Amino acid sequence: MIYCVEDERNIRELIVYTLETSGFEAKGFASGAEFFQDLALEKPELILLDIMLPGEDGLEILKKLKNSTNTKDIPVIMVTARGAEYDKVLGLDSGADDYIAKPFGMMEFVARVKALLRRSKKVPSNRRLGIGKLELDVNKHVVTVDGEETVLTLKEFQLLQYLLENVGIVLSRDQLLAHIWGYDFDGETRTVDVHIRTLRQKLGTCGELIETVRGVGYRIGEPR
Ligand code: CA
């Protein structure tokens with residue numbers, strides 16, 4: 001069950017409908033009060049939280065969720081209008097697991113929900129990620145290209161792991177920066193570009209799997 005807290009009725013209904021047609025069970029709530037009523041009865045596997053809400057806003061709700069032992073492990077995606085508000089929220093160490101800017105495409109939206117659900121599942125003992133000839137062993141911390149081991153720095157490894165956990169999805173420089181370097185890292189997004197460049201070089205023939213999406217960020221996937 002996925003919960004969606006969004007006061008704009010059209011968006012809420014569209015999100016619930018999209019999730020249901022993608023095989024999920026979903027429930028929409030117009031306010032934090034309604035949401036907390038149901039939360040007392042049932043534990044959702046993921047929560048989508050709008051920020052601007054009547055009464056308690058999304059960030060206050062998030063804080064409550066993350067401060068309670070019953071709900072702190074439920075993954076949360078903050079949904080917010082693009083622009084100043086989105087930038088501000090990205091800059092906060094709010095504890096959310098992902099961020100989506102409105103307006104968003106429904107395909108991308110579902111892909112992000114699925115990726116977060118995958119990430120939040122317990123890590124199996126031998127976890128491997130990969131695409132084509134590229135393989136990353138999460139537990140052994142080993143990356144191989146066509147069977148040959150490639151030595152990466154910790155940041156390069158984390159960057160590659162995050163990209164591989166989101167195959168086919170564009171990750172913005174801000175997202176990568178926040179996820180790998182932490183929200184309080186006050187470096188520039190250029191840091192991301194520099195690490196992507198060295199990562200591509202070290203991956204040799206598999207370097208081209210990392211695609212630059214102009215003006216947005218990066219995506220890993222089969223070359224198109
Ligand atoms: Ca709203």
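Q: What makes aspartate 146 count as exposed?
A: Aspartate 146 has a relative accessible area of 51%, and exposed means over 50%, with buried under 20% and partly exposed in between (1.4 Å probe, protein chains only). So aspartate 146 is exposed. Residues are numbered from 1 along each chain as its sequence is written. Keep in mind that this is a predicted model, where local features need pLDDT of at least 70, side-chain atom pairs count only at pLDDT 80 or more, totals for chains, interfaces and linings use all residues, and side-chain values use heavy atoms, with hydrogens and water left out.

Q: What is the phi of aspartate 146, and where does this residue sit?
A: Its phi is positive, about 55 degrees, although aspartate 146 is not a glycine. You'll find aspartate 146 in the loop between strand E8 (142–145) and strand E9 (148–150); strands are DSSP runs of E, at least two residues, and helices are runs of H or I, at least four, all numbered from the N terminus. Most residues other than glycine have a negative phi.

Q: Why are cysteine 4 and cysteine 206 called buried?
A: Cysteine 4 has a relative accessible area of 2% and cysteine 206 has 5%. The buried label needs under 20%, so cysteine 4 is buried, and so is cysteine 206.

Q: Why are H6 and H8 called roughly perpendicular?
A: Helix H6 (residues 154–165) and helix H8 (residues 190–202) pack at about 85 degrees, their axes 10 Å apart. Axes are lines fitted to C-alpha atoms, for helices over the stretch in contact, and angles run from 0 to 180 degrees between N-to-C directions. Roughly perpendicular covers 65 to 115 degrees (under 35 is roughly parallel, over 145 roughly antiparallel, the rest oblique), so H6 and H8 get that name.

Q: Which residues of H6 and H8 meet?
A: Lys155, Glu156, Leu159, Leu160 and Leu163 in H6 meet His195, Ile196, Thr198, Leu199 and Lys202 in H8, with contact meaning heavy atoms within 4.5 Å.

Q: What about H1 and H5: at what angle do they cross?
A: Roughly 65 degrees, with the axes of helix H1 (residues 9–21) and helix H5 (residues 106–120) coming within 11 Å. That makes H1 roughly perpendicular to H5.
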